Amino acid sequence: MPHDDPNARPSPDALLEEANRERRGRHTIFLGAAPGVGKTFAMLEGAQARRREGVDLVVGVVETHGRVETAALLEGLERVPLRTVSYRGKAFEEMDLDAVLARRPRLVLVDELAHTNIPGSRHVKRWQDVEEILDAGIDVSSTLNVQHLESLNDVVERIAGIRVRETLPDSVLQKADEIELIDLPPQELIRRLADGKVYVPEQARRALDRFFSPGTLTALREMALRQAAERVDSQMLRYMRSHAIAGPWPTRERILVCIGHGPEAARLVRTAKRAAERRDAPWVALHVETHRSTSRREADKDAIAAALRLAEQLGGETAVVQGERVVDEILAFARGRNVSQIVVGRAGARRWTRGFLRSATADLLARAGRFDVLVVAAGDEAATAPATTEAMAWPAARDWPAYALATLIVAAATAFGALIDRWLPLPNVSVVYLVGVLLVAIRSGLAPSIYASVLSFLAFNFLFTEPRYTLAINDPQNILTVAFFLIAAVITSNLAARVRAQVEVARVSARRTANLYDFNRRVAAAASLDDVLWAVVHHVAASVDGRSLVLMPEEGRLVVKAGYPPEDTLDEKSMAAAQWAWDHGSPAGRGSTTLPAADWFFLPMRTGHGPVGVLGVQIRSGQPLLSPEQGRLIDTLASQAAVAVERTSLVGDIQKARLDAETERLRAALLSSLSHDLRTPLVSILGAATSLYTYDETLKPAQRLDLVQTIQDEAERLNRFVQNLLDMTRISSGALRPKADWVDLADVVGAAAERARRILRRHRLRLDLEPGLPLLRADPVLLEQVFFNLIDNACKYSPKDTTVTVWARRQDGRVVAEVCDRGRGIPEADRERVFDMFYRVQGGDGQAAGTGLGLAISRAIVEAHGGTIEARSGLHDAGTCIVIALPAEPPPTLPD
Amino acid sequence: MATILVIDDEPQIRRFLRISLTANGYTVVEAETARAGLDACASARPDLVILDLGLPDMDGQEAISAIRGTSAVPIIVLSVRAHEHDKVEALDRGADDYVAKPFGIAELMARVRAALRQRSATGEPPTLVTAGRVCVDLARRVVLRGGEEVHLSRREYELLATLAARADHVLTHAEILRAVWGPAHVHDTAYLRVYVKQLRQKLEEDPNLPALIVTEPGVGYRFRLPAVE
């Protein structure tokens, strides 16, 4: 959380936090040390005062526990009716979250923040309901006893002897905008208890004496006071940061908590969290995975996973590293992360190894150097519960085949040993046993191989050393052989088992790396959104050995966009969980604390730019929860998938932007073209027509004819321009679909020349078409338009009385036609661009106005026919030749 | 003189048609809608109908069919260029010819004259068609060019005869193919292209710039008689 900014600038994080705070509702917590101090009473008193000020407030839920004074304070306050939930045939009442949200008051009163909701409610805990209300921008007043805080949980247990099950994350208290500490001296509280003014649940009555002893209450009171005091500190700090008040800042410290297997892990985490909080330092929970990790009991693995999850919940960072030398790994990690204090448990070594092997903790203490090491005492839990379970678990029922096999292998080794015993000296027999032990170690791991070692030792001693059939040994040399055998066997077992375990760890790690690599490769290869989503769901499903879904918003609601195995719909419960995950940006559904009744687990997919969708995962039935390993993998996959999804939409955005820019350019060009090319002929027509009308009498017949000619020419030009625009529209709208027919090129050119007759009257047209040209597969109308445009252009851009030539010949299986003029030609640099819409070569004013469309249309038509069109310079570098090449199809077979 | 019915919703177009046609000595009857046109067709008994395909109250194509249901009067259709399928459909429905908008009055007058000529010669198909130096004797199945007989293959002659029999009149590809090659070959335009090319080689002054057998792109061919101006 803290950010050391040496510059006198408000830290961005602090500002962001301020901003979020403004949007959220304000949360006031009435914090007390124990039940009965009067939190609810104080809250209601405050509410009455606010009501008198005219604040719109409602009671979400308040438990009076039958106290008259409290009930009296409820007078006049609007209460949102409670929701009745039936669970296992009984009716329970819970706060109606949706009704509160729908009512939208300024302030809601919510009693007992740590309360656990009845299963079937939206959230597991009431504090989550409160979070949702706050997110909706509604203020909340709530009450809390200090023993419900997650990080104080086991301290409270040790002091008061009560395990508090209803806990809530410390972050809830930290995020609260205001804390009202309701303080009552212990003696006063005990008196109230004696007066029956304190409500105590039935099941807690047994612990009553211990809980309400002056010692316990004093300790709890101190905790509550300290919480409130720390709050003041951190508020002060936050204020200083967001207002850029220069230090002295607390120096950056980092606390590392090492999580080993064993039940004390959770307590270690809480201790570290408190230590970190006192110093206002970030903290990391670290677990070192060794070769032994894989062979660990499931319960131990779960304990480690749970401790890591708890660390995450308490706001710590978590890390798992692999390595054989635990202490080395811890120290390397600590150095790399600039840790100042390391928290470890004392029970680093087993009791039976104490004094023989140095415990990891002792080793760490010896080598810690500049690090502070905080050793946390072993709790009661370490001594009792696990020892019994371990005793019961060994040998675990599922392990018996391994031991049977070990016995069998030793028996086989014995038989073989007996066989070679006649010819070979005794040490050779021990080698046979050694091979057996090695086999067991590789196949079944450490414990069975130790068992095999001992069995082999006994058998060897009993059967092969003199005197035979006793466990006594006469020959000192044999004693040595047997002793060495035992040592060799144990060492071998250890080595082989370790190799096996390392292989296993490496395999898991390699699988994970390969999985991510494979995922990235597949997602990178996918171009469209559908491809990406398919890759994601397929990959996630394969990774967790289950089913997966991706949901994305469409027209304001979430829909299933992809699923593996393919799935289109979700049941209502799961859909609600998905919606919640999307709305709140946090995980929901099975295995999480929100809507856990859903069949699926949903994880929001988000990038730096915001959420893009929701990833749903369903593990095969029977396995309701993701392991932390899977959880982390899914987390990684979800964020990578989000990035990939965003990438596809970015690609789309870029293409769209490019298209928009092009469209904009065309629109501008079209407007300028319209204003010029439509208006110019109109000016001429209007001018000529009015001249004829006005000066009818005075005009000579030749002048009159000239004006009439002008009107006709310009009207025809206008017509061509409109035709071009229409053609262009057809082409841009994709309506240009050539209707292929057999076409004689001479026929087409002739028709074009016929239509261009009037345009051509100031030029000579020469047709040079090779005889015997093959028929073409083309649209005659469109092709005629091409030649008409080209002849029109040629006349426009060449002086009067010059020749326009149309050539056509067969060349390399294509029919090549050229339309050449003797004009000024097109500069080399413009020869490609003349085919762009509205592009005109910059020329003198005297040049006839073109539309800038003719060549663009021609190119579109020619390319639609699978041909090419280009501009070249004419013969002897004079004029322009537009060269068209069209594919020549095999000629049709004709009868006759 | 002949009576011509003009059906067009554009007053400007009707006005210049009326002026030009009246100047050429025709009597003009005007109709603004297809309905009014059909009524006028029945009451005024015109010798020729000029029909705009784009009418507000009825599809022009259906108007053609409606007129054809009661009368054999020649119909000239006014259509938009680049809508070749409209022209073909109009011809298929019984229109005699078309003029693409916008058009010059000379072009329209030539079509009007050709259509009226055809009508006056109804019953008897022409036996001799002369266009410039080319003379087609339909009775004797002989073709002369500058007085000399031109040798044509049987198909070439049938193609030319089909076109010449309805000179100055556009024939669609399908019509020609059906008449010359039979109903099974109405889509084999390749035949047509090849034979037209051969005919042009034998008959035209400049086969690349044909004056006799004129291409109507996307529609068909027309045997053109020299304009009588």
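Let's start with a helix crossing: H17 and H18 of chain A cross in a right-handed way. Keep in mind that this is a predicted model. Helix H17 covers residues 400–421 of chain A and helix H18 covers residues 426–444. Their axes sit 9 Å apart, and the packing angle is about 160 degrees. An angle over 145 counts as roughly antiparallel, and so that is the description for H17(A) relative to H18(A).

Who makes the contact? On the H17(A) side, the residues include Ala402(A), Leu405(A), Ala406(A), Ile409(A), Ala413(A), Phe416(A) and Gly417(A). On the H18(A) side, they include Asn428(A), Val432(A), Tyr433(A), Gly436(A), Leu439(A), Val440(A) and Arg443(A).

In the model, residues 400–420 of chain A are 100% helix and 0% strand, with 30 Å between the end C-alpha atoms. Residues 479–497 of chain A are likewise 100% helix and 0% strand, and there the end C-alpha atoms lie 27 Å apart.

Let me move to a sheet. Chain A has an open sheet of five strands, in the order S11-S10-S9-S12-S13, with parallel pairing. Strands S11 (317–322) and S13 (372–376) of chain A are at the edges; each has a single partner strand, so one side of each has no neighbour in the sheet. From one strand to the next, the twist averages 25 degrees.

If you zoom in on S10(A), residues 283–289, you'll find six bridges to S11(A), with the two strands running parallel. Glu289(A) is the residue opposite Gln322(A) of S11(A). Then there's helix H13 of chain A, residues 326–336, which lies across S9, S10, S11 and S12 of chain A. H13(A) runs at about 150 degrees to S10(A).

One residue in S10(A) that I'd like you to look at is Trp283(A). Is Trp283(A) buried or exposed? The cut-off for buried is 20 or more other C-beta atoms within 10 Å; Trp283(A) has 25, so the residue counts as buried. Leaving out residues up to four places away in sequence, Trp283(A) touches Arg254(A), Ile255(A), Val257(A), Ala272(A), Lys273(A), Ala276(A) and Gly316(A). Its C-alpha atom is also 9.4 Å from that of Gln341(A), 58 residues apart along the chain.

Next, some antiparallel pairing. Strand S14 of chain A, residues 546–554, pairs with S18(A), residues 610–619, over six antiparallel bridges. Val550(A) has Leu615(A) of S18(A) as its bridge partner. S14(A) is also joined by seven bridges to S15(A), residues 557–564, again running antiparallel. Here Pro553(A) is partnered with Leu558(A) of S15(A). The hairpin of S14(A) and S15(A) has two residues between the strands, and Glu555(A) takes a positive phi near 50 degrees.

How do the two chains meet? 23 residues of chain A are in contact with 19 residues of chain B. H25(A) gives the largest share, seven residues.

Finally, the overall picture. Chain A has 27 helices and 25 strands, and 37% of its 896 residues count as buried. Chain B has eight helices and 12 strands, and 38% of its 229 residues count as buried. For contacts with a separation of 6 or more in chain A, 69% are between residues 24 or more positions apart. In chain B, 55% of the contacts between residues at least 6 apart join residues at least 24 apart. Thanks, everyone!

Methods. Residues are numbered from 1 along each chain as its sequence is written. Chains are lettered from A and ligands numbered from 1 in the order in which they are written. This is a predicted model: local features need pLDDT of at least 70, side-chain atom pairs count only at pLDDT 80 or more; totals for chains, interfaces and linings use all residues. Helices (H or I, at least four residues) and strands (E, at least two) are DSSP runs, numbered from the N terminus. Two strands pair if DSSP finds at least two bridges between them. Axes are lines fitted to C-alpha atoms, for helices over the stretch in contact, and angles run from 0 to 180 degrees between N-to-C directions. Two residues are in contact if their C-beta atoms, placed from the backbone, lie within 7 Å. Angles under 35 degrees count as roughly parallel, over 145 as roughly antiparallel, 65 to 115 as roughly perpendicular and the rest as oblique. A crossing is left-handed if the near helix is turned anticlockwise from the far one by less than a right angle, and right-handed if clockwise. A residue is buried if 20 or more other C-beta atoms lie within 10 Å of its own, exposed if 12 or fewer, and partly exposed in between; C-beta atoms are placed from the backbone.
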